[in-house]
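Please look at the model shown below and keep it in view while reading. The paragraphs that follow go from whole chains to single helices, rings and residues.

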Amino acid sequence: MITTTTASSSAPPILPRRGLATTLYLLTTALLFADQNLLAPNLSLIADEFGFDEFERDRLLGGDISIAFFMVGLPASFVAGCLADVVNRRGLLFLFVVLVGEGACLSTYFVATTFRRLYWCRALTGVGVGGALPLVYSVLGDLYEPRERGKASSAIGIGCGIGISMGQGISGLLGPRYGWRVPFLAVSVPAIACAVLVWMCVPEVERCGGELRELEGGMMFAPVAMVNRDSGIDVPPAMNDDGSDDVEGGEGREVEMAGRIDSRTTLVGGDTPAQGLYVQLNDQEDSLRTETVTVSSGDDACGRLLTHVQTLRTLLRCPSVLLCILQGAPGCIPW
Amino acid sequence: MEGATLVILMFGAGNFFGTLIGGIGSSHIYECYGRRYPALLSASAAIFGCIPFWGMINFNFDPNERKGIVILGSISMLAGILSGITGPIVKSTLQNVTMPQMRGTAFALHTTFDDLGRGLGPAFVAWMIEKMGSRRRAFNVGAGGWMLCGLLNGLLFCTVNVDEERVRLGVAQLVVANEPNSSNQRDIEGGDLL
């Protein structure tokens, strides 16, 4: 039996170990990304061991393995991201994802005696790399207020870059001296250790923590008491301590004073990830459909694909989300 | 070979600084000017990042000339800086416009599209090389992807205010819905998910 975790009415205090949590997640992510390029510096060594010529080296080791790495990482990223939204114990989920990915990386040292075994070890390593990022950003979003998330995101980005360079450096340094398999050991063991530390030392991060701290800390407007489906939501203007209107730059004030979203906009919440997914609705038709909210029962929230489809639909109907997602494809072509 | 190594090294170093600038800069702009303006920083960085990138592609590098090495290194560092700014801003914006219970899925989608670009990019450029008959021309067109990326980032300026406000209201509603005397708080039978 589990007790649902609910968003409390007062903001949770800043996690005492927020710095430790961020550092451990950052380290683990950097080590996960370190194993992306472990093969590249030692392709010729590996080709010699497996008896590949130059063409086979480039096609099989350089091409096929890379494709497998990303093809497994992609669905893993999706599954981990969806699970991060419904599972309470994200630290444990993170450990699980890392164990699968880095376990395969570790196995490369022991079992990759043929190309086929190496292929599958690398393919499964993609689970860790692909699955970790959605989890990490989900957790960081609850650790940091909206105005601090830029710094946290840049820390993760820098960690990934350092990890990739570090992995290439470790592989280039250790491979020629001790064999091409040793770098896999050198990178996977610390990654697993860091993930275990995350699970043991970092308390579970409460959802909505970032927004709640901002609500209580800077913006003193009262929470909305009722959802009024007919007339919409009125937000009183934010107030400063001295009673004057709050000014969050020019734009913030404008939004707060306007306060009223379109009258057909309705926001309805399920209370916990386990009970059901929060479905954020955009403008509805005049008929005001009342069955558009999906709050599924707790014990089958994961099993019901429909709720995840609803979440996807809701996300893709949000203009900002759509723009953030779409900008990724053309932006990555030059890379 | 020396030129290629230099380009990659300086680009990587620039990207490091760009990511730092993007994260710190966006937090500062968010606090001082409002939540719409980080989108302008990411958009302009992406669009202007095309210029040094085109410079790198079209620069005729002479390894015997020291001056050429310095110019090429500077251009690639500038390209790296501008390319690194966008990433943290987009990710923090995505966190701000999604409810906490949806962020995992949102980032899964984001990672998917990023990987699509990274995976299909080489294939797309290879196809253009075949069609245009010139690598330089194909790379010049491919670099224009940042132009499109910048435009899409710029459109966030128009949408992010309302979407962030929705999230705040949504969280506020959750707070009210989960008051201690609310009937929503209950124990759930059944095994834990993990």
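Helices (H or I, at least four residues) and strands (E, at least two) are DSSP runs, numbered from the N terminus. With that in mind, chain A has 12 helices and three strands, while chain B has six helices and one strand, which follow the pattern α-α-α-α-α-α-β when chain B is read along its sequence. This is a predicted model, in which local features need pLDDT of at least 70 and side-chain atom pairs count only at pLDDT 80 or more, whereas totals for chains, interfaces and linings use all residues. Residues are numbered from 1 along each chain as its sequence is written, chains are lettered from A and ligands numbered from 1 in the order in which they are written, and side-chain values use heavy atoms, with hydrogens and water left out.

A residue is called buried when its relative accessible area is under 20%, exposed when it is over 50%, and partly exposed in between (1.4 Å probe, protein chains only). Buried residues make up 53% of the 335 residues in chain A, and in chain B they make up 53% of the 194 residues. A contact means heavy atoms within 4.5 Å. Of the contacts in chain A with a separation of 6 or more, 73% come from residues 24 or more positions apart, and for chain B the corresponding share is 74%.

Turn now to helix 2 of chain A, residues 43-50, where the buried residues are A:Leu43, A:Ile46, A:Ala47 and A:Phe50. These residues cover an arc of only 100 degrees around the axis, and therefore lie on the same side of helix 2 of chain A; the arc is that of the directions from the helix axis to the C-beta atoms. They pack against helix 3 (54-86) and helix 5 (115-143) of chain A. After helix 2 of chain A comes A:Gly51, whose phi is positive, near 75 degrees.

Rings of Phe, Tyr and Trp (its six-membered ring) pair if their centres lie within 6.5 Å, and planes under 30 degrees apart count as stacked, over 60 as edge-to-face and the rest as tilted. Over all chains, the structure holds 14 aromatic pairs. One of them joins A:Phe50 and A:Trp180, whose ring centres are 6.1 Å apart with planes at 75 degrees, so this pair is edge-to-face. Because A:Phe50 lies in helix 2 of chain A and A:Trp180 in the loop between helix 6 (149-178) and helix 7 (182-201) of chain A, the pair ties together parts that are 130 residues apart in sequence. A:Trp180 also forms an edge-to-face pair with A:Phe184, at 6.3 Å centre to centre and 85 degrees between the planes. A:Phe50 and A:Trp180 are both buried, and A:Phe184 is buried as well. One aromatic cluster is formed by A:Phe50, A:Phe52, A:Phe115, A:Tyr119, A:Trp120, A:Trp180 and A:Phe184.

Two other residues of chain A lie in loops. A:Glu145, in the loop between helix 5 and helix 6 of chain A, is buried, with a relative accessible area of 10%, and, not counting residues up to four places away in sequence, touches A:Gly210, A:Arg213 and A:Glu214. A:Arg317, in the loop between helix 10 (305-316) and helix 11 of chain A, is partly exposed, with a relative accessible area of 40%.

Helix 11 of chain A (residues 319-326) packs with helix 4 of chain B (residues 103-132) at an angle of about 30 degrees, and their axes are 8 Å apart. The contact is made by A:Cys324, A:Ile325 and A:Leu326 from helix 11 of chain A, and by B:Ala106, B:Leu109, B:His110 and B:Phe113 from helix 4 of chain B. Here axes are lines fitted to C-alpha atoms, for helices over the stretch in contact, and angles run from 0 to 180 degrees between N-to-C directions.

Within chain B, B:Ala138 lies in helix 5 (residues 135-143) and counts as buried because its relative accessibility is 0%. Leaving aside residues up to four places away in sequence, B:Ala138 touches B:Val125, B:Met128, B:Ile129 and B:Met132.
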